[in-house]
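Work through the exercises below with the sequence and the model on screen. Each task is followed by a solution in steps.

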Amino acid sequence: MDLVINPPQEVFNQLVTLTSTTHGWAHQFYDYKYYKDAYDGFWFVAVLDKSKGPTENFVAGGLLCRWDVKNGSPLYGIGMFYTKEEYRGKGHGKPVFQKMMDIVGEDNCVLTAAVDMSQKYADVFGFTKMPPYWHLEAEIQPGKVKVPEDLSGEYTTKNWKEVDEKDLEAYDLTICPRDRKKKTRLWFEQDEVYARVAFDSSQKIVGYCAIRVVSLNRLCAAPFYAENPEVAARLLADMTKEIPNFKKFDKLITWYPAINENLEKLLSRFFPKDAFHIKVDFRTQFTKEFIASRDDVVYSVACSTFQFV
């Protein structure tokens, strides 16, 4: 077994395929390039079986990024920590996680912890700073959507390319205190990513939504922010028109903080009860400092890999 950093694309492709088929994680092969380009530091730490070929040698691995800001401390993020089923229980994941924590050192680090791993991350690795609530996952059947006829006419949406970049950046800073301009633009520019920005009658930004195509013929809302339920409804309605063949996808996935009770109400306006399922999915946990965000307006987080809002 070899411990390597930033192995070839074929290894990342294995991680995406394995996590999608066994856990339903929502990624694309091109995310590898996105993480390298978007963050100030990036490490894909993996254990490989050197006796196997480049398309089947993945054993265990995880992703680590460093996110710098002006006049502030770096924030590290850990995501996609995974061990192939046949290798579990043999200690292969430990050197991966330890290597990532060695790189983090004394700086703040965040991860999205699955229900069965949350306490271990807190007890063993010090991810003890967290909100009192979990993030939920909604799995939705796009084919059963029915846009309601009573949508408010107060709000409109535009394709993100028609929106002043500085205005969108300023709005985003009201939700997340860390500057994400570069990350957001690169995210929107990826293949099969659709994004719209919502405005009120005075042309003030009041939300935005990006939905992208991910593995296994699914859609993933990331992110989806709205100042109130009517803004969310307008965004969702317009996104169903923006995405080609929206109804032909098997699932639409969102991850949202449990304190936002409006998400379930929103889905009930667009879908019958048998068309969506909600479950507890993860908790956002930090090592040194909990970074607060406006979770009450979050209908889906930006990315379950590194983002905390």
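**Exercise 1. Which residues lie nearest the centre of the second largest pocket, and how is its lining made up?**

Step 1. The lining of the second largest pocket has 16 residues, and E165, L168, E169, K181 and T184 lie nearest the centre. Here a pocket is an open set of points on a 1 Å grid over the protein atoms alone, with protein on both sides within 12 Å along at least five of seven lines, whereas a cavity is a set of points where a 1.4 Å probe fits but cannot get out; lining residues have an atom within 4 Å of a point.

Step 2. Helices α5 (165-173) and α6 (181-188) are the elements that give two or more residues to this lining. The largest contribution is from α5, with five residues. Helices (H or I, at least four residues) and strands (E, at least two) are DSSP runs, numbered from the N terminus.

Step 3. By class, the lining of the second largest pocket holds six nonpolar, one polar and nine charged residues. Ala, Val, Leu, Ile, Met, Phe, Trp, Tyr, Cys and Pro count as nonpolar, Asp, Glu, Lys and Arg as charged, and the others, Gly among them, as polar.

Step 4. The volume of the second largest pocket is about 190 Å³. A volume is the space filled by probe spheres set on the grid points, which are joined across faces, edges and corners.

Note on the model: it is predicted, and local features need pLDDT of at least 70, side-chain atom pairs count only at pLDDT 80 or more, while totals for chains, interfaces and linings use all residues. Residues are numbered from 1 along each chain as its sequence is written, and side-chain values use heavy atoms, with hydrogens and water left out.

**Exercise 2. Describe the largest pocket and state which domains line it.**

Step 1. The domain assignment gives domain 1 (2-107) and domain 2 (135-282 + 290-300); such bounds come from an automatic or database domain assignment. The centres of the two domains, taken over C-alpha atoms, are 27 Å apart. Their contact (heavy atoms within 4.5 Å) takes 19 residues from domain 1 and 22 residues from domain 2.

Step 2. The largest pocket holds about 1,100 Å³ of space. Its lining has 42 residues, with H23, W25, F81, A114 and M117 nearest the centre.

Step 3. Strand β4 has the largest share of the lining of the largest pocket, six residues. Other elements that supply at least two residues include α3 (93-104), β5 (108-114) and β12 (276-286).

Step 4. The lining of the largest pocket divides into 18 nonpolar, twelve polar and twelve charged residues.

**Exercise 3. Trace the pairing of strand β9 with its neighbours.**

Step 1. Strand β9 covers residues 205-214, and ten of its ten residues are buried, that is, under 20% relative accessible area with a 1.4 Å probe and protein chains only (exposed is over 50%, partly exposed in between).

Step 2. Strand β8 (residues 193-199) runs antiparallel to β9, and seven bridges join them; two strands pair if DSSP finds at least two bridges between them. A198 has G207 of β9 as its bridge partner. Five residues lie between β8 and β9 in their hairpin, and Q203 in the turn has a positive phi of about 65 degrees.

Step 3. Seven bridges also join β9 to β10 (residues 218-226), again antiparallel. V213 is the bridge partner of L219 in β10. The hairpin of β9 and β10 has three residues between the strands, and L216 takes a positive phi near 65 degrees.
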